[in-house]
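Here is a short briefing to read alongside the model. Please keep the viewer open as you go through the points.

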Amino acid sequence: MAGRKPELTAVRRHLESGTGLLLVTGEAGIGKTRLVGTAVGSSAPVVLTGHCLPLSSEVPLLPVVDVLRQAASHGGGRWWRDAMASAPAYVPGVLGALLPELDAAGPPDDSVGRHLLTPAVGVALTVLAAQRPTAVLLEDLHWADAATLDLLTQLLSRGLDVPVVGTWRTHDPTTAPPVVQWFGNVRRGADVTVLDLHPLSAAETAEQLMMLGLDPTSDRVAEIHARTAGQPLFTEQLAAHRDDGTTLPRFLTDLLDQRFAAIEDDAWLVARALGTADRSLPPAHLEVVTGLAGDRLVGALRELRRRHLVRSDLDRAQLRHPLLAEAIRRRLVPGEAVGVHRALAVALGAEPDAAPAEVANHWQAAGDDRQELTWRIRAARAARERFSVHESARQWVRVVEAWPPGTSEAGDPSLSHAEALIRAVEALSMVDVVAAHDLCPRALEAVPGAGPLVAAEILIIVANLESDVRGVSDESLEMAARAVEILERDGPSLVLADALLRRATMLFNAGRLDEAARTSARVVDVCRQIDEPSFLMLALSRRGWYHLALGDVGASRRCFEEARSIDPEHCDPYDLVELATNHTDLLLQTGAGADEVVAAAAEALQTADEYGLDTFIVGMLIANVGQALREAGRVGEAARLVLPASEDAPGADRWPIHIERVNVESALGNAAAALGRASLLKDLRVTSGAHRTYLSRCYAEAHLWAGQPGAALAELLPTLERAVTREDSMLFALALTTAARAGADEAAAGGRPVEAPERHALAARLHRLHGACSRDPFGPHPMIGHGAAARALWCAEIRRLEGRESLDLWTGAAVEWDRLTRPHDAAYCRWRGARLALRQGDVTAARGLLDRAAVDAREHVPLHRAIASTRAGHP
């Protein structure tokens with residue numbers, strides 16, 4: 001392992017050329033990390049291994065017998081026989097007493113045999129080493145018997161001719177006092193070196209898991225490392241167990257249970273408190289939880305430290321390892337934990353800087369719903385204040401789950417049930433729109449009993465979510481109008497501004513652009529009246545969108561310029577990120593260059609990093625920048641941004657960045673990775689028809705670059721049929737074009753001639769879908785900067801499907817993509833044009849097109865390969 005390189009090097013050097021004893025020590029054992037096997041290089045000696053075992057009765061010289069038996073059986077016994085032939089005559093006889101299978105008669109007097117045992121073992125190792133390089137590994141010397149330790153001490157004192165490595169687990173309670181004393185004495189010897197193994201870092205634990213044959217996700221690594229604290233033996237056991245994160249393999253269960261055998265009552269009370277708390281505790285808290293005080297508490301802590309169960313200083317005590325806490329909790333009998341949790345809740349809740357979520361968890365475990373709700377609400381509010389929206393959502397959801405039936409208010413300050421529901425919906429909407437939508441019916445049920453302002457807030461948030469998930473409807477628009485009407489009665493407020501902004505978004509999505517623009521103007525007015533710079537910034541960015549949709553590019557730019565002029569010090573970090581996301585969205589739609597998109601996002605990405613923001617909108621911003629870089633031909637830069645931010649599994653709060661990862665993986669030539677991730681995304685419930693169309697097209701393009709046009713077509717046609725009645729955007733246009741490409745590729749792969757009816761039937765179907773749109777998706781539009789290029793590509797692809805390809809169409813489309821600095825799209829068109837030119841016999845034109853395409857496609861691996869293949873066939 002990379003994290004063990006210095007230790008591995010030290011062991012390798014000792015085994016290959018060292019002398020004396022190298023003691024490798026660790027608090028929880030080194031586990032089967034292949035420390036020795038990995039360390040040995042090309043000049044590997046034969047490593048003879050002896051194992052010490054924690055037996056109930058002592059078995060003398062057990063590891064020595066292991067070592068000798070391995071030597072005697074190695075290579076069919078020839079090595080041993082040759083070595084013994086050169087040894088003094090007494091040696092085989094003395095060792096025969098330990099290895100009866102050698103059929104060598106031992107000395108007649110046992111005392112003589114014992115007297116000769118040490119020199120016999122030493123001579124045997126020497127003559128074996130004379131035949132070939134030899135080393136000895138003694139595992140778990142902390143369990144060694146006295147005879148083994150005496151023999152090892154004598155061999156070291158006489159100057160052993162072979163290197164020995166011994167492993168020793170520190171702080172093992174089963175280690176006998178005489179063995180501990182031996183360790184203290186021997187480690188001071190001149191021919192003994194001690195190598196302390198420290199716990200592994202999270203990165204090193206991940207590497208160990210991969211060495212064990214696993215491909216762990218970041219979540220799995222974090223979970224295992226948190227439980228094992230970087231101890232390789234524990235990591236190996238948990239990795240092999242493949243548990244649910246709460247149970248332990250039998251080996252670890254037995255090992256940890258031994259640590260608490262015969263523990264005194266007072267010590268158990270302290271251990272129980274520390275294990276239930278699963279954290280360090282000061283003496284004052286331990287007194288509250290255990291009922292112990294003074295010398296009794298001190299005595300209990302001393303016993304636990306003597307057993308190596310706790311580490312402590314003057315201020316706090318803590319269990320030595322996280323798995324000890326799991327072992328303690330497993331030993332609790334029914335009902336025992338309730339009182340401990342209650343006492344912990346009282347003690348921790350009295351701290352001036354109490355962590356509300358921790359206290360709430362203890363009240364929950366104690367079964368006190370009233371106290372839990374009070375602290376749970378505090379935890380939800382505190383999480384939002386520190387910008388931890390995932391934690392805030394989890395806490396609000398638990399508040400709703402734990403709310404006692406018939407209870408109208410809870411918390412301090414008090415909160416109504418209706419408020420709790422809408423806070424949960426609102427928090428969830430920032431991390432999981434679908435889950436938030438699922439909670440909306442319960443929130444609506446609370447409207448009749450809620451106050452006017454709370455009822456209005458429920459109506460507008462639910463209406464907004466309904467529109468996001470199911471599309472804008474008359475019912476959702478009416479709900480939003482009712483909410484605004486209620487809030488207008490109380491005059492300008494932040495809640496009113498938020499409701500107006502949500503309603504404007506719904507109107508925009510419904511195609512009622514003039515009404516959306518008027519409503520957004522009202523939002524800006526309200527923000528100016530209440531002096532709310534953060535929300536004003538957000539409102540201006542949305543208003544900029546609406547101006548652009550109405551064709552007023554100048555007004556749109558002025559809105560974004562004013563929004564960006566607001567001092568970010570006065571703004572909510574989430575609003576800063578949303579401003580950047582809106583701005584980069586606009587730039588992408590209007591065909592701006594990648595550098596402009598990167599600049600628009602830079603400050604917001606830095607803010608997200610500083611505050612640890614990890615929400616849907618942050619993922620969308622990263623995806624936007626990645627898309628701009630990738631489309632500009634800078635796939636390497638896109639990968640460096642997108643891949644580290646999308647290592648987790650796709651989820652409802654992160655799918656935009658995972659869709660962009662599909663595109664990046666596909667451009668990098670990682671077809672299996674692209675298709676695998678796209679398949680996972682298909683199982684998610686994304687929030688709108690536009691998003692589903694975009695995902696479907698990305699999935700289809702990954703299939704196309706993987707050489708699977710039939711799968712691409714099967715993916716796209718149902719999507720287009722579903723989307724045509726409501727979708728006339730550029731996303732639909734690009735999906736339509738990709739379907740034409742897939743159909744033409746499939747026809748070519750199947751050898752279908754240009755007059756094949758299947759080709760013309762598919763072309764007619766795509767023309768029908770095109771004509772069914774309420775507005776030509778390829779027509780000019782102020783919000784679509786690449787419309788001309790998309791239309792040129794559509795014309796070229798549909799003509800290819802119909803068998804009426806034109807070189808002019810392909811070269812014309814390439815020029816349109818050049819104007820937008822989209823080198824990969826231009827290279828694709830030139831490659832298609834070159835293939836057509838070759839079929840027409842125009843080799844000169846084809847070579848020119850291929851040369852330019854090869855330069856532009858440098859960072860698109862599958863396209864570059866296709867171009868190279870075409871060039872190779874026509875040098």
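Of the 875 residues of the protein, 53% count as buried, where buried means under 20% relative accessible area, exposed over 50% and partly exposed in between, with a 1.4 Å probe and protein chains only. This is a predicted model, in which local features need pLDDT of at least 70 and side-chain atom pairs count only at pLDDT 80 or more, while totals for chains, interfaces and linings use all residues. Residues are numbered from 1 along each chain as its sequence is written, and side-chain values use heavy atoms, with hydrogens and water left out.

**Overall build**

- The protein has 43 helices and 9 strands; helices (H or I, at least four residues) and strands (E, at least two) are DSSP runs, numbered from the N terminus.
- Its radius of gyration is 36 Å, well over the 29 Å that the globule rule gives for 875 residues, so the protein is more spread out than a compact globule. The radius is taken over C-alpha atoms, and the rule is 2.2 Å times the number of residues to the power 0.38.
- Along the principal axes, the C-alpha atoms fill a box of roughly 110 × 80 × 45 Å.
- Among contacts with a separation of 6 or more, 67% come from residues 24 or more positions apart, contact meaning heavy atoms within 4.5 Å.

- An open sheet of 5 strands runs in the order 2-3-4-1-5 with parallel pairing; two strands pair if DSSP finds at least two bridges between them.
- Strand 2 (46-51) and strand 5 (192-196) are the edge strands, each pairing on one side only.
- On average, neighbouring strands of this sheet are turned by 20 degrees against each other, direction ignored. Axes here are lines fitted to C-alpha atoms (for helices over the stretch in contact), and angles run from 0 to 180 degrees between N-to-C directions.
- Strand 2 pairs with strand 3 (residues 134-139) in the parallel sense over 6 bridges, and Leu48 stands opposite Val136 in strand 3.

**Aromatic pairs**

- A search of the whole structure finds 10 aromatic pairs. Rings of Phe, Tyr and Trp (its six-membered ring) pair if their centres lie within 6.5 Å; planes under 30 degrees apart count as stacked, over 60 as edge-to-face and the rest as tilted.
- One of them is the tilted pair of Phe387 and Tyr574, at 6.0 Å centre to centre and 55 degrees between the planes. This pair links distant parts of the chain, 187 residues apart: Phe387 is in the loop between helix 19 (369-385) and helix 20 (389-402), and Tyr574 is in helix 29 (residues 573-589).
- Phe387 is buried at 17% relative accessible area, and Tyr574 is buried at 5%.
- Another tilted pair joins Phe508 and Tyr546, with 5.0 Å centre to centre and 40 degrees between the planes. Phe508 lies in helix 25 (residues 494-509) and Tyr546 in helix 27 (residues 533-549), 38 residues apart.
- Tyr546 counts as buried, at 3% relative accessibility.

**Trp rings and arginines**

- Trp705, Trp810, Tyr828 and Trp831 are linked into a cluster by ring pairs.
- Over the ring of Trp705 sits the charged end of Arg741, 4.4 Å from the ring centre. A charge sits over a ring if NZ of Lys or CZ of Arg is within 6 Å of the ring centre and within 35 degrees of the ring normal.
- Arg378 lies over the face of Trp375, at 4.5 Å from the ring centre.

**Around Glu236**

- Glu236 belongs to helix 11 (residues 232-241) and is buried, with a relative accessible area of 13%.
- From Glu236 to Thr205 there are 31 residues in sequence and 9.5 Å in space, C-alpha to C-alpha.
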